[in-house]
Amino acid sequence: MTDLLLVNANVLTMDPARPRARSVAIAGGRIVALDADLPAREVIDLRGSTLLPGFHDAHNHMAWYGLTLAEVDLSAAAVGSLHELYAAVAGRARDTAADSWIVGSRYDQNKLETHPDREGLDRAAPGRRVWLRHVSGHMCVVSSAVLADLGMTDHPVDVPGGTVVTDAAGRPTGLLQERAQELAADLLHPYPLAVIADAIDRAGTRYLSEGITSCTEAGIGGGWIGHTPAELAAYQAARDAGRLKVRVELMIASDALHPLAAHPDDGLDLGLDLGIHTGFGDDWLRIGAMKVFADGSLVGRTAAMSDDYADAPGNRGYLQADADQLTATIIAAHRSGWQVATHAIGDRTIDVVLDAYDQAQTRYPRPDPRHRIEHFAVSRSSQVARAARLGVIAVPQGRFASEIGDGMLAALGPDRHSWLYRQRSLLAAGMTLPGSSDRPVVSGAPLLGVHDMVSRRTASGALFNPGEAITADEALHAYTTGSAYASHAEHVKGVIAPGKLADLVVLSEDPTAVSPESIAGIEVVATFVGGECRFAAVGADLPR
Ligand SMILES: [Zn+2]
């Protein structure tokens with residue numbers, strides 16, 4: 001007797017060995033058979049709806065996103081001008097106690113006239129501590145009260161790997177880039193675990209409604225990306241309380257790793273206490289890669305390029321750490337058994353990271369390390385070929401095209417347009433392409449990602465390196481099999497096949513059978529995790 005039989009479905013299995021089916025049998029949280037007429041405790045007739053493996057976002061910031069849901073929304077959809085941004089800050093100031101911080105997120109200076117500044121914040125919320133995070137997460141703006149707390153009302157302090165931006169008179173404007181953000185974050189961190197667990201719950205609820213059943217959290221526990229050194233405990237607390245809604249793989253920020261006093265023969269140069277590393281955990285909560293930041297952002301024009309930014313002569317961005325130091329960290333993590341996921345945007349940075357992966361594997365060969373380059377935003381053709389040769393996984397974000405693509409085109413200029421956020425050439429080189437959003441940097445609904453991976457247009461309607469467009473089928477593979485592979489999890493998920501986890505999404509229409517423009521409007525009807533229906537759309541005739 002099986003637990004559940006889903007019948008009369010248009011099943012896109014994503015399994016090349018058997019691409020299509022009409023029914024799926026589930027027992028013990030796993031898929032047990034396709035197109036088999038087995039007795040089942042429960043039968044659901046999907047009436048021709050499309051059934052896919054649950055979506056897996058290979059790079060998102062779950063806790064950060066959950067936190068933003070409670071912060072002042074400064075996204076382009078919420079505030080259309082600097083004036084409106086300051087009004088939103090003033091509104092939050094009126095509604096909160098005078099000693100509490102005002103935290104806002106997702107502003108984009110490309111869509112405003114310029115960055116907000118301390119004077120504007122001081123006028124909007126006199127005397128208050130205000131912290132506004134850029135949409136990229138790579139910079140923030142703070143008010144004078146925060147600068148005073150940091151002892152830099154009139155003079156900046158020097159921060160390696162970051163910049164305290166100053167005006168013509170040498171006075172901080174409030175804008176803090178890259179690692180300089182940690183100065184402000186350190187005043188607020190660590191967050192209590194309960195606050196983060198709430199954020200994880202809020203985020204997971206949203207994910208289920210979008211068909212996401214797995215996600216990879218791209219950095220916890222340290223650096224500007226972490227919220228507390230005990231961040232893993234927040235995920236565990238959420239899980240213990242039944243509030244972890246989707247399966248999560250946790251990347252650990254490199255700052256959280258340290259040398260271990262193990263036997264020298266073990267080569268554990270860098271790790272977490274007890275030697276815990278990539279792969280530890282289970283199907284619900286698992287330790288993934290070590291996350292290291294090699295550079296900054298393209299829209300913020302801080303990522304390290306081999307040539308000047310098109311609209312900022314003389315600026316080529318910068319590495320977040322000295323290249324030798326970065327290489328040493330990568331090699332030590334590789335040697336200690338970690339999968340390494342390096343944030344690298346600019347082509348100069350990608351060179352440094354590929355060199356480091358190459359050296360690591362040459363000096364300490366390991367089977368199938370699957371090191372990753374997060375974003376892989378601006379790459380020359382020779383770098384694609386080299387990444388493929390080294391077995392490196394590039395993890396680009398499809399949705400960047402329509403939400404922040406115009407800013408990227410301006411930063412890069414026409415000469416390097418064809419280097420931008422490749423997809424087609426990665427597949428052509430034989431690489432595996434995962435699907436990811438970098439939420440909350442942009443919207444994270446996978447169908448929006450699939451739409452942009454196929455359409456490749458910016459908000460203004462400009463084509464976004466259109467030669468790199470892929471088909472809806474390829475984009476769906478990215479969000480299922482591609483992401484599973486990037487997590488070393490293709491043996492348990494990513495396809496609908498006997499033995500795999502019964503993580504499934506029911507869609508109102510088949511994304512491969514509609515026009516590209518229609519993909520974003522397809523409805524998620526239901527989401528199953530481990531064979532249980534965890535989300536059903538209002539009006540859907542399914543058990544909740
Ligand atoms: Zn990210």
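Predicted model: local features only at pLDDT ≥ 70, side-chain atom pairs only at ≥ 80, totals over all residues.
**Entry 1: sheet.** I looked up Gly104 to begin with: its bridge partner in strand S11 is Leu132. Residues are numbered from 1 along each chain as its sequence is written, and side-chain values use heavy atoms, with hydrogens and water left out.

I then checked the two strands. S10 (residues 102-107) runs parallel to S11 (residues 130-134) over 5 bridges. Pairing here requires at least two DSSP bridges between the strands. Strands are DSSP E runs of at least two residues, helices are H or I runs of at least four, and both are numbered from the N terminus.

I traced the whole sheet next. It is open, has 6 strands and mixed pairing, and its order is S9-S10-S11-S12-S14-S13. S9 (72-73) and S13 (162-166) are the edge strands; each has a single partner strand, so one side of each lacks a neighbour in the sheet.

I looked for a helix on this sheet and noted H5 (residues 181-188), which touches S10, S11, S12 (139-142), S13 and S14 (172-178). Contact means heavy atoms within 4.5 Å. The direction of H5 makes about 95 degrees with that of S14. Axes are lines fitted to C-alpha atoms, for helices over the stretch in contact, and angles run from 0 to 180 degrees between N-to-C directions.

**Entry 2: zinc.** I listed the donors of the zinc ion: His59 (NE2), His61 (NE2) and Asp438 (OD), at 2.1 Å. Donors are N, O and S atoms within 2.8 Å of the metal (3.2 Å for Na, K and Ca); water is not among the atoms, so sites may look incomplete. Along the chain the donor spacing reads H-x1-H-x376-D.

**Entry 3: helix pairs.** I took H8 (residues 323-335) against H9 (residues 347-363): the angle is about 40 degrees and the axes are 9 Å apart. The two are therefore oblique to each other (under 35 degrees is roughly parallel, over 145 roughly antiparallel, 65 to 115 roughly perpendicular, the rest oblique). Among the H8 residues that meet H9 are Leu326, Ile330 and His334.

I ran H13 (residues 446-455) against H14 (residues 472-486): about 135 degrees, axes 9 Å apart. H13 and H14 are therefore oblique as well. Residues of H13 that meet H14 include Pro446, Val450 and Met453.
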